[in-house]
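Me: I'd like to go through a structure and ask what its labels rest on. Here it is.

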Amino acid sequence: MKYKLYTDGSCHGNPGPGGWAFLIHNGETIICKKSGRMSLTTNNQMELSAAIEAINNFKLISSEKTVSIYTDSKYVIDGINSWIHGWKKNNWMTSAKKPVKNVELWKKLDEYAASLTISWHWVKGHSGDVFNDQVDQMANDATNGILIT
């Protein structure tokens with residue numbers, strides 16, 4: 001079975017109130033979707049939180065070890081596919097010798113993802129991808145206090 005996880009984060013103000021959302025699709029149907037919110041956060045923190053929550057929930061509902069994750073966040077895609085290797089090698093410091101922003105979230109994402117084989121995919125936001133559009137709406141709703149649990 002081929003699982004696809006779609007994630008998104010939202011923030012009204014940066015920082016400001018924010019929401020994260022994900023859905024898990026098994027190729028035929030959506031088998032899980034959730035969202036959450038924080039009262040003071042950033043968009044990047046919500047994008048990372050969405051990916052973390054998606055992976056954590058996927059592990060709870062499936063023993064499958066291979067999954068595809070779709071996000072419209074270049075920050076998450078570039079961070080997980082490229083930047084994180086240098087950060088880890090340099091003790092979580094950037095190439096400019098500054099601490100990595102959102103380091104605790106990056107560490108958690110790295111830890112959660114380590115036991116899976118994940119293919120990460122960037123999707124253009126607001127481009128008609130039905131599942132990306134759905135998690136976008138869920139994240140915005142969560143920012144406004146409308147949660148799916």
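Reply: First, a definition: helices (H or I, at least four residues) and strands (E, at least two) are DSSP runs, numbered from the N terminus. This is a predicted model, where local features need pLDDT of at least 70, side-chain atom pairs count only at pLDDT 80 or more, and totals for chains, interfaces and linings use all residues. Residues are numbered from 1 along each chain as its sequence is written, and side-chain values use heavy atoms, with hydrogens and water left out.

Me: What comes just after helix 4?

Reply: That's G145, which takes a positive phi of about 95°.

Me: Which residues of helix 4 are buried?

Reply: F131, N132, V135, D136, M138, A139, A142 and T143 are; buried means under 20% relative accessible area with a 1.4 Å probe, protein chains only.

Me: What covers them?

Reply: Strand 1 (3–11), strand 2 (16–25) and strand 3 are included in that cover, with contact meaning heavy atoms within 4.5 Å.

Me: Why is T41 called buried?

Reply: T41, found in strand 3 (residues 30–41), has 1% relative accessibility, so it counts as buried. Among the residues T41 touches are C11, P15 and M46.

How values were computed: Buried < 20%, exposed > 50% of the residue type's maximum accessible area, 1.4 Å probe, protein only. Lists of a residue's contacts leave out its neighbours within four places in sequence.
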